[in-house]
Each structure stands twice: as structure tokens, then as C-alpha cells.
Amino acid sequence: MSCLSAVAEELLRDIKRVFAETSKIPDDLLVALKFVFGSTALQALDLVDHRSVTCLSSPSGRKVFQVIGGSGKVYTCYASCHYCPCPAFTFSVLRRGDSLLCKHILAVYLSQATQLSQQEAVSDQQMSDILSGKTRDST
Amino acid sequence: MPLRKRRRDARAPPRAFPPAGAGEGAKRRAGRSTERRRFAEGFWETHSKEEDSLCGQPLKADRQLVQSASSTAHSKQGERQESVLIQWSSSDSELSDCEPKPPATNAVTRRRLPCYQPVHQSYSSYLRMITTAKQPQEGEFENIEWDSDSSDHDGSVEISDCDSITEEQGDSAEPFLGDAVDISDRSSGPDTTASVTPARCDMNSEQPGRNVGRSASDWVRCVQALLKTPPKQEGRRFRTPEDSAKKKRKFLRGGLAERLSKLQSRQRSAVSFWRHQSSYSTHPGTNPSALVLEMLSVQEECGLQLALCRPLETHLTSRSLGGASEELLVLFSKDTAVHLLAGPGDTVCVFPPWQKLTLKDQSHTVILNTHFSQRLVHDSKVVVGIPRAAPAVCPLYPLTRLFSLTDRSDPAPQKTPTASPVPPRQCRPALREAEADREVCNSLLEVTEARGRADWSARHVQVVVQRVYCLNIADPSSPILLKNRGPQSTSQAQMMSQPSSRVCLLVQDSCGVFSEVQLHDSLADDGNLRRYASEWEGQRCVLRGVKVVQRLTRARSPWLFSLIDSLWPPATPPQARGASQGSWEDPAKLQAPAFCYVLSADHGERAVQVAPGQPSDELYQPAVAHSLKEILQGVPHSQRCTFTATVVHKRLKSTDPGQSEFWLFVTDSSLQTGQEGEQQRTVPVYVSSSCVLLQEVARTLSQPSACRLTFKDVVKEHDAVLCVERSLLQLEPLRDLDPSLIQLDQLGPTTATNTLCTLRGVIVSVDEGTASSWPTCTLCDSDRLEKAPGNQQEFLCGLCGATVDKPAVKMHLEVFLSCPPLSQCTVKVKLLQDTIKSVLNSAACGQEGYEVENVLGVALGPLAAYVRVVSRQPTFWMSLEEISL
């Protein structure tokens, strides 16, 4: 039996496809998003509305996402796996298994699907600092 | 009669209830009068503290009481809550609490509530009496007992009735709320009253005697508290920005979150309404779109129940979804699962609206949005679910399993994470069979899609270069970003924030999509740009190492889109994406693009390689130069155009070649050869700071001589031209027009500011205030001359240090002219040195300077002038500055 993650992935793909064709997310996909992800969907969409997702890329080819959370805190999410340093991820996703993703990771996917993420290029040194957690705002 | 008076009137105004215990006290009729008096005294005592003495003014006082009480109570009549709202209670804190409380939780309240209901009634009838504003009947008034009045009060009679009832110990008290309900609803006769009251009065049987006086003051306190604005709760913790858990942010208006929130609330109310309705048995057969499914197995994952189901053949939709053999994965939300309480073997009916999702990898069809679901039993009767054992919980999916948002990549099987930093999923680039080079793609949108993948790498794409120009681009690592990235040296930040001119290309692919490619080369010298333009412009090239930098829209970058619009519709019909060679779209019907990606390419020259083939691609739309006349007449506003013209006058703010903004006045043969008055002779061109000037152009412009320039992709705006971003100025050899033969428009009433004109006139006056002359250095033109030490006849230049014995004299003279075409206008002209000299030569020079009278009447002209100011208020006057062409 397929996992929920496959369903989620397919849904995000659909959103991306429809958005590319029509530049909007129709109501039925929004409702499906809420159905699959729960309240995380609303919060993630709010982050997308506020353009809170930034994709940082370095010349070495590494990519990482930074999401400005509701409280203004910046969370660094990885492009290579589902991980977010926010407390919601630790509790809901890791410990309790209540959610597939936290709102930041979902916001990253939605921003990619709707191409509403900001793009920034950083140097390799900066990327290393971000990934190793040296910078002030990343956790 | 007391009982009669207790009758309720449903139309009575909002009532305030007197304090508890008003009625209890004397258990005997004999003691009633005493109790009555005590109650009345107690009540009015308290009340008279706020009001002036009520003695002798019972009516007025009551009215005030009524008003104060009415204002606190709800305006609705017979409201059960109202009767609970204005409720005396044991503590002050409860006074402001308007929620109806069950008596079990508020034993103290109960204690304080002796004979609440009859006292309430008595007061209500009394208040009713007052508010109907009719003259109280004598009899009634006589019943009122006040401090000094000896007449019996209606209420007091009621109280006495209550007293009598208090004796009876009825059943255990009903819930207080129920009492209140009864009180407010009851409008029947006294008999009912009598039957109901025992229970209520029982509540206060413990403290019969004490509460009369205190309860009156409590009531007043209650009313006062309700009238008062509740104080601000000091010490409440204010939400700090870090308190994100408790922070409730309003959604952005018009955003996706707001839209989903509205959809969700609508859906929630629809679901609850449906559930309420469906409890009256809804047969699935009545709804053709309903799914009837048999649950095979259930799992729980991340708050959702995943049920593998088999559609039952009995129903149309179930059959259409694949029949009995096809298994469906049906997802139920937690709320629905709790409502259904279904398990393996059960039959579930899912009513519309539900959603279907097909997983590409697997054969399962997934049903979502199953809020409208019911569990059925054998004879299709709806039953409430029997609790079952909790379904098995799915283990957490591996976090390395990413969501791939691209359709084309083959889904890789889940791999265990390796030590390498490269993510395990490998994406193969999309290929087009027509392409011989399997690494290069034909579509810019494919490149942009590639960045959505986890491990996207730079792509190669074949495009046609439409334009080559320079842009001032700030370095991406701006100081703002660096602050977030951690401790970086500020000097490094400052260095990085300087904008540099970089060569950019505007490219278009065969699908008609535009992109701007920023190369890494900065404009070291002009040679780069000219070379790139000659090599690449119009050619089909392969861009290597393309990465997406930004996505721009019309609103964010209007100048880019004005350039794109000038190249739209495309010269050849664009190929539809994903289609074979044969499908073309009609270019005339296409809409101009609304977005454009900004890409970056590899470093160095290998970033752009010209693809072998035709000398110029058919998609290329070169910038066609027109004459200024055609442009002024034919080109709509805010459109890009190209022309070549001679610069006759420059108004530079400074002599610095790198200076940002200035005006040029240009003309060409089309304007010069026209009839007088038909067309303006010169066109003002504004060069903004965003237009990157080539060094040779800047150098030439800083020189006073005339020059000829090609203005490429400049914007026409009304009667002027703007050089903005992505415009290019190129130097041309000076020919075709002799600067000395250039004609200008005649000065006239329609002359506007910031134009050139020619004028003739007679001096009628001189601006003596500004007339001056000063010596300047003959070598460097500086006016910082000082008397040379030693030799009084010589001057020392402060700038160049040269010794000057005969300094050049510069003069400033502004004269008022009388010009024939402008008899009503005052024309003031600032003259050039040569003109001043010629004017003054004809005048005699006295000891203290020239005589004004000698200058008046001198005819001037034709002069070429720049119109600085044209003012019609309060009088029509113009200020001009003579120029030399």
C-alpha cells in the first residue's frame, strides 16, 4: 500500500503543473492540500503569501532553503532531505508522527511549485557557514 | 394581591433583579412588614448613596434604577441569559462575568439566592410599572414601602410571599439555569409560580435571615460593576515576536492562505450540516456520484486514516472507478474517522464532493476529501459506528525521501542515504528527440523547471540572441544578506555592494520565451560589448552553464518588458512546448509574456557559443532605425525605438564622464528639412543613470563639440526620448549634417521649457543686479586668481599655479529682449561671452562700467537659446540661456 508521502508528492506535482499552466492554484487543489497536510497547509500557504522562502545557491552547486517563520525567525531547510530545525518538526514529525512535514518544508515545496521563492546566490564560504550552523540566524 | 402581582408579563422590559434574600426573613406574615421594611430600607439605603436622597422621590429613583438596570441587561426580552446576567453573586469577580453558570459550580451563588424568583418578579412588575410611564395607581403606590414611606410595596408583598414559600422545603434544587429559564419564560398564573418556587427557595434555605440588607447592596454593586468598563488587565503578558506558538497572524488579503481559510470554514459548516441531516438516513442510491466501498484494511499515518477499499459493484460510480478488481486507497481525516468508526469488512459510502488523485508510480487511485462519509450496514441503514480497535500506525517515512515536483524524471527507488553530500536521487535531463546534442535543450522553461529538483545542475540551452547591452547590476551578496549569513567583514560587504556594469543578453528560445542572461564579464572596456554584439546578436547560440537567478514580472521590471514588447510578436511562430515540429501557434493571437527569467551563464567566453548555421536566425528582430520625424509621429508612447541623430546641445550637470543624468538635444535631417512650424526641429533626450554609457560615448559627450550617436532601444515619451535601462548609445561618425547649418524652432508663444529655440530681439532692459565681470586664468579658466606677491600687476592662479599678467575677463549679463512674435511676453536671456562682448563694444565704457542706456536698443540675434523657464503666472515671461551649437 502506498504511503501518504506518495500522495503528497503527487498532489504537489499537480499543483505545480496547474500553476504553470494557469498561474493560480484552483480551489480544489487547495482543499486537497488542506486535507492531506492539515493545518500545516494553511500556515505554509501563509508563508508563501509572504514570500518567506529563499533559495540560496552556491557556485559549488549546493542549495539550501531559508524560510522566515511566522515569528520572524529564519529556519534553514535542506534540499537533500526533509529536515527543519523548528520545534514543530521535532515534535509533530519526528516524535509523534502527526504530520508529514512542518510548515516551513511545505512552504519550500509550495514556493517551488508556484515559483514564488526568492533566489539568492551566496559564496561557497557563506554556504559552508550556513550548513554548519555558524551563522547567527540559522539554527 | 401579592400572587396576582406576581404574574409575569412577557413584554416586560429588561429587568434588574434585586439582591437575593429580599424575600426571606420573616417567615410569618406577622413579621412580613418588618422584613419588607428591612428589605426596602436595605435596598434603598445602598442606592441612596449613589443618588441623592430618594426619600420623597421614589418614582424618580426607581426610574434611575430602571435605567441603570436596563442598560446593563440585554435588550431582548424574556432572555434567559439576561436573567442570569444581572445576577447577584458572592464575589465581585463574578459580577462582570456574564456567562450563565450552572449552580453546581457556584454553590456560593446558590446560597445567596434566596427566593430569587419571586423577588425578581416583584421587582420586575414594579419596574414595569415605572417604565410604562403611567401614573401609578394609588393602590399600587401604597404598596410600595420606602424608607420613609409607610405604604406597602408591591414587591414587599411578593417578598412576603416568598417568605412563606421558603418554609417549604421542596425537592433538591433544580439547576440554577433551569430556574432562570423558568423564571423568564413563565407567564402563567400564580399557581405555577407557587409550585415551582419551593425548589428554588430551597437553595437559599440555609441562610434565611442575613441576606436582605447585604443582597441589596450586592445588587447595586452588581449593577454598578456592569455599568463600569472592565479595567484593563494589567500584567497580561504581551505577545512577543518570539512567541510564535501563541501568535495568531492574520492572513494576507487576497493570498492563498486567506482563500483556503475561507474554503475550509465553508467546508466545515457544510460537513456539520450534512452530518446533521444525514442522521435522518440518506440512501447512497439516491446520489449517483456517491462511492460505495468495502474496507479491506486500514492504516493510520500522520493523522490520516488510509483505507484500502474495494468498490462495490452495486453502484455506478464505484464501477466507473475500476470495478471490483481495482483497489482504491481512500484517505479519511481524523475527524471523519472518528465519526465513521469503520474498520476492515465494513461498508462505507463516500458522498460527493470527493477528489480523486492518480499516483503515477503505482496503480492505486487515491480518493481524497472524504468528509461526507457514512458507514453502512447490510440493509443500507445508517448506524453510528461501534468503536473498534485502533488501526495500525504506519512507520514514519524516511526523511531522505524527497518530493520531486517534476513530471519527467523517472522516480528513483528510495535509496538509503550515503555519506556523500550529493542527494541520492539522480535526475536525467529532459531530452528532445530532434536534438542531436543530447545535453542541450531547446526551451528556456525547461531550464527553469530544472531548478526545482534537489540536485539540479546547470543546463545548456540553445537560444537566439536578440539584444546585447549592459546593465548596472549590484552584486548579489548585498550587505543586507550578509547580515543574516553571519559575521562577515563590513569592508568586504561594502566592496561587494558596488554595482558593476555587466554585459547582458536578451535571448529568446524557439517557443517564444524570453530570458535575460547576465554574463559574468564586467564591461572592462567598450571593446567587449561591441565584439559581443557583432558576434552574437542575431545568432542562434548555445548558452552553457545556465542557472536561474531571478524571475521578473511586468510590475517588477517595466523596462525589461518594454523591450520584450518591442520584440513581440515573434518573427516566426513559436513552437508549442512539448509538441513536435508540426504544431505552431499563430503569433498574432499570442499574448505578450508576463514573466521573464533572469539567468546567469558560465564564466568566461565559453558561456556563449554560436551555433553553426545561418548568419542570422529568422527569429531575430533587429532594432530598425527610423528617422526622428517618423518616431515622433508614428511611435506610440512608452515604446522602444531606435534612431541615429546629431547631438547639438548637451546639458551636463558636471564634466565628469561618469555622471549619471543629463539632457541631450538631438536632431536629424528629417527634422531639419521639414517646413517651418510643421515639426519640432530638435528632440530632447534624457539619459538616465540606469542607462549604461560606453566610455567612448561618455568621453565624447563631455567635449563641447557636436557628435552623432545611434540611440538603440530608447523609449519615446510624448515629445521627448528617454534612455533607460537596456538602451544603448553608440558613437557614429559625424556626417550627414553640418552643425553650423542646424535650424532651431523660432521662439513663439508655444515654446515649451527644456527646448531649444532661436530668437531675435532688441534689448529693452538689463538685469543690473546680476551683471558682473571677473578675471580668470587664461590657462585653466579658473577664477581663483590672487594678486601675485611682489608684482602687483600680475595674478597668481590658485588652481594651476601659473602667473598670469593679463587675465581673461569673464562677464555675466542677462538682458530683457523685446521679441516680435512675443509682444506680451517678457523674455530674459543670459548671454554668452561673445555676445556680451559684441553688445558692450557698441557701448561706451565709463569709469565705473558700462552705461545701461548705451546698451538699450541694441538688436540681438539670431541667437540660439535654451528655454529654461516659461511662466504664465502672474505674467507671461520666459528665461532663456544663449547656447552655441
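In chain B, the side chains of Arg726(B) and Glu725(B) form a salt bridge in which the closest N and O atoms are 2.7 Å apart, a salt bridge being a side-chain nitrogen of Lys or Arg within 4 Å of a carboxyl oxygen of Asp or Glu. Arg726(B) has a relative accessibility of 4% and therefore counts as buried, whereas Glu725(B), at 25%, counts as partly exposed; buried means under 20% relative accessible area, exposed over 50%, and partly exposed in between, with a 1.4 Å probe and protein chains only.

The model is predicted, so that local features need pLDDT of at least 70 and side-chain atom pairs count only at pLDDT 80 or more, while totals for chains, interfaces and linings use all residues. Residues are numbered from 1 along each chain as its sequence is written, chains are lettered from A and ligands numbered from 1 in the order in which they are written, and side-chain values use heavy atoms, with hydrogens and water left out.

Over all chains, a search of the whole structure finds 18 salt bridges. One of them joins Arg310(B) to Glu294(B), with an N to O distance of 2.2 Å. Because Arg310(B) lies in strand S2 (residues 304–311) of chain B and Glu294(B) in strand S1 (residues 291–301) of chain B, this pair ties together parts that are 16 residues apart in sequence; strands (E, at least two residues) and helices (H or I, at least four) are DSSP runs, numbered from the N terminus. Arg310(B) counts as partly exposed, at 28% relative accessibility.

A further salt bridge links Glu814(B) with Lys828(B) at 3.2 Å, N to O. Glu814(B) belongs to strand S30 (residues 814–819) of chain B and Lys828(B) to strand S31 (residues 822–830) of chain B, so the pair ties together parts that are 14 residues apart in sequence. Both Glu814(B) and Lys828(B) are buried. In chain A, salt bridges that share partners join Glu9(A), Glu10(A) and Arg13(A) into one network.

The secondary structure of chain A consists of six helices and four strands, which follow one another from the N terminus in the order α-α-α-β-β-β-α-α-β-α. Of the 139 residues in chain A, 65% are buried. Among the contacts in chain A with a separation of 6 or more, 53% are between residues 24 or more positions apart, where contact means heavy atoms within 4.5 Å. Chain A exposes about 4900 Å², of which carbon and sulfur atoms supply 48%, accessible areas being taken from the Shrake-Rupley method with a 1.4 Å probe.
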